[in-house]
Amino acid sequence: MEQSIKSVLVRQTIAHQQQQMANFQNTVQRQQALALMCRIYVGSINFEIKEDTIKQAFLPFGPIKSVNLSWDPVTNKHKGFAFIEYEVPEAAQLALEQMNGVMIGGRNIKVGRPSNMPQAQPIIEQLAQEAKNFNRIYIASIHQDLTEMDIQSVFEAFGKIVTCKLSQDPTKPGKHKSYGFIEYETPQASEDAVSSMNLFDLGGQYLRVGKAVTPPNALQPPSGPSSMPTAAAVAAAAVTAKITAMDAQQQAVGVMGGSLAPPGLAMPTALGANNNIGATVSTSASTSAASPLMDSASPILSSSGIATSQVTTVTNQTGIAASASPLFCSESMVTIPAPLPAAAPLTASQTQMQASAAAAAATAVAAAGITPNPGMNLALGKSVSDQAKSALLGILGKGIDPLQKKALEEEQSQTLDQQENMKISGSNARHMVMQKLMRKSDCRVMVLRNMVGPEDLDDELETEVTDECGKYGVVNRVIIYQEKQSEDEDAEIIVKIYVEFSKQEEVELAISSLNGRYFGGRIVKAETYDQDMFDANDLSG
């Protein structure tokens with residue numbers, strides 16, 4: 001009887017661990033596919049561009065794990081392409097959609113997927129199909145001072161929200177990683193949120209919003225195969241062995257005297273029909289006697305934590321190699337997607353919801369104590385549409401008496417100082433938010449051209465420019481930028497100096513004083529520089 005229990009326990013343990021192993025293999029395949037989905041290729045990079053510049057340009061889409069530039073040991077320069085790995089696949093997908101063809105350092109970069117991406121295509125398609133069951137959207141570039149409640153109050157204008165979760169930073173208690181996910185009740189709500197809120201200025205940072213391409217909890221680490229609970233396994237084996245023994249005894253009695261089974265005991269047909277059950281039990285028991293029961297079925301894992309032989313067989317059937325994917329591939333091996341078509345104009349309902357979100361956003365920004373950017377617009381490089389203005393006026397104008405409404409419609413001008421010290425309270429707050437959203441973007445950046453040449457650059461130049469421009473206002477920072485006019489080694493280099501002031505009035509005063517002024521035998525050309533391009537670290541204008 002004891003040997004029978006052991007043999008049944010062995011069979012149950014092996015079957016259980018085979019099932020656990022199959023689940024583990026599937027999890028490993030998904031993790032490999034997710035790792036590939038987090039990576040993008042960036043090509044056609046200006047050879048003077050450094051790793052920090054690339055990271056800064058792609059950081060708004062989500063936290064970056066690594067930036068790998070391919071370096072040429074002969075020229076001691078990079079080869080013009082790099083691989084970027086994000087924390088989540090959604091960040092890589094957004095960067096792929098929005099950064100391909102963008103000009104950085106005077107060149108239009110190419111953004112695509114690594115060449116080994118097709119290996120994981122079956123699993124990626126499976127993940128995408130699972131993601132369609134959830135109406136989730138991904139939001140990045142969220143201001144650090146905004147909370148989950150703030151984000152939810154802004155995005156609930158598009159429909160009922162099931163969950164709103166910002167990814168928390170374990171190294172900074174109480175802080176998030178500037179990205180998160182929102183799940184809506186309906187697919188239409190998620191589509192409206194993406195089309196209306198992508199590149200929405202919230203607290204001085206342009207949100208990056210896109211559809212989630214993975215199901216929830218897809219990035220959870222795989223768990224190894226586990227054994228059955230010991231007590232449950234032994235009890236199950238004891239019952240099975242008892243039934244087997246009684247069945248064998250009943251067969252023997254039936255052969256000699258044709259007796260029936262005891263009342264109340266069901267006859268297991270599958271076991272009873274097996275004439276070789278005795279041989280099976282004996283063989284299994286003798287096998288288990290040489291080693292502990294659990295160790296006999298333990299899986300063998302390689303140093304990377306991926307099961308050998310059996311895992312390789314399964315992964316080959318699904319089209320994914322068991323070995324780790326190569327980190328680098330040549331530029332010619334990368335598939336670059338075609339440029340995306342222009343975004344479709346918003347419908348009337350989307351415009352109305354966008355206006356509602358704008359009102360909630362202004363309230364959330366002010367409640368969080370964030371100083372909003374002057375001239376906050378609904379989309380990058382675009383002014384608020386007339387339809388959105390009308391809808392927003394209707395929302396913000398509720399409860400305002402006729403005199404205040406008339407003043408609101410006339411858009412009485414306010415000073416920048418008044419707006420920066422704005423407090424949300426009643427109708428006055430709505431009036432100020434309305435003017436804030438409808439005001440044209442201010443520019444606080446001046447660019448100085450033809451002031452110096454490459455041969456004039458030294459360590460004191462930045463200090464000298466800061467002191468000189470400090471006569472006209474508060475200087476936030478000075479950037480000295482060298483722009484190579486072509487990729488030839490002897491190409492001309494132009495030096496441009498960017499000066500960021502704290503107020504637009506200071507920029508205008510500095511330009512009126514410095515433009516046309518002689519400096520070292522050169523005629524300085526001073527002019528304003530696009531604020532959006534400067535904020536995006538694009539100094540190629």
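**Exercise 1. Confidence along the chain**

Over which residues does pLDDT stay under 50 while the model has 14 contacts beyond four places in sequence? Work out from this how the chain should be read.

*Solution.* The stretch asked for is residues 224-229, where pLDDT stays under 50 although the model has 14 contacts beyond four places in sequence. A further stretch, residues 257-341, also has pLDDT below 50, and it has 112 contacts in the model beyond near neighbours in sequence. Where pLDDT is low, the predicted coordinates should not be read in detail.

**Exercise 2. The chain as a whole**

Describe the chain by its secondary structure, its burial, its contacts and its surface.

*Solution.* Start with the secondary structure, which comes to 18 helices and 18 strands. Next consider burial: of the 541 residues in the chain, 41% are buried, where buried means under 20% relative accessible area. Then turn to the contacts between residues at least 6 apart in sequence, of which 74% join residues at least 24 apart. Finally, the chain exposes about 28000 Å², and carbon and sulfur atoms supply 54% of that surface.

**Exercise 3. A sheet and its edges**

In what order do the strands of the open sheet of 4 strands stand, and which of them are at the edges?

*Solution.* Reading across the sheet, the order is β8-β9-β7-β12, and the pairing is antiparallel. The strands at the edges are β8 (161-168) and β12 (208-211), each of which has a single partner strand, so one side of each is left without a neighbour in the sheet. Neighbouring strands of this sheet are turned against each other by 20 degrees on average when direction is ignored. To look at one pair in detail, take β8 and β9 (residues 176-184), which are joined in the antiparallel sense over 6 bridges. In this pairing, Q168 has H176 of β9 as its bridge partner.

**Exercise 4. Two helices across the sheet**

Which strands do α3 and α6 lie across, and which residues of each helix are buried?

*Solution.* Take α3 first: it lies across β7 (135-140), β9 and β12, and runs at about 105 degrees to β12. Helix α3, which spans residues 89-99, is mostly covered, since 8 of its 11 residues are buried. These buried residues are P89, E90, A91, A92, L94, A95, L96 and M99. Just after the helix, G101 takes a positive phi of about 90 degrees.

Now take α6 (residues 187-197), which lies across β7, β9 and β12 and runs at about 150 degrees to β12. The buried residues of α6 are A189, S190, D192, A193, V194, S196 and M197. Just after α6, L199 takes a positive phi of about 65 degrees.

As a background to both lists, recall that an α-helix has 3.6 residues a turn, so residues three or four places apart point the same way.

Methods
Residues are numbered from 1 along each chain as its sequence is written. This is a predicted model: local features need pLDDT of at least 70, side-chain atom pairs count only at pLDDT 80 or more; totals for chains, interfaces and linings use all residues. Side-chain values use heavy atoms; hydrogens and water are left out. Buried means under 20% relative accessible area, exposed over 50%, partly exposed in between (1.4 Å probe, protein chains only). Contact means heavy atoms within 4.5 Å. Accessible areas come from the Shrake-Rupley method with a 1.4 Å probe; for residues, only the protein chains shown count as cover. Two strands pair if DSSP finds at least two bridges between them. Axes are lines fitted to C-alpha atoms, for helices over the stretch in contact, and angles run from 0 to 180 degrees between N-to-C directions. pLDDT is the predictor's confidence in each residue, from 0 to 100.
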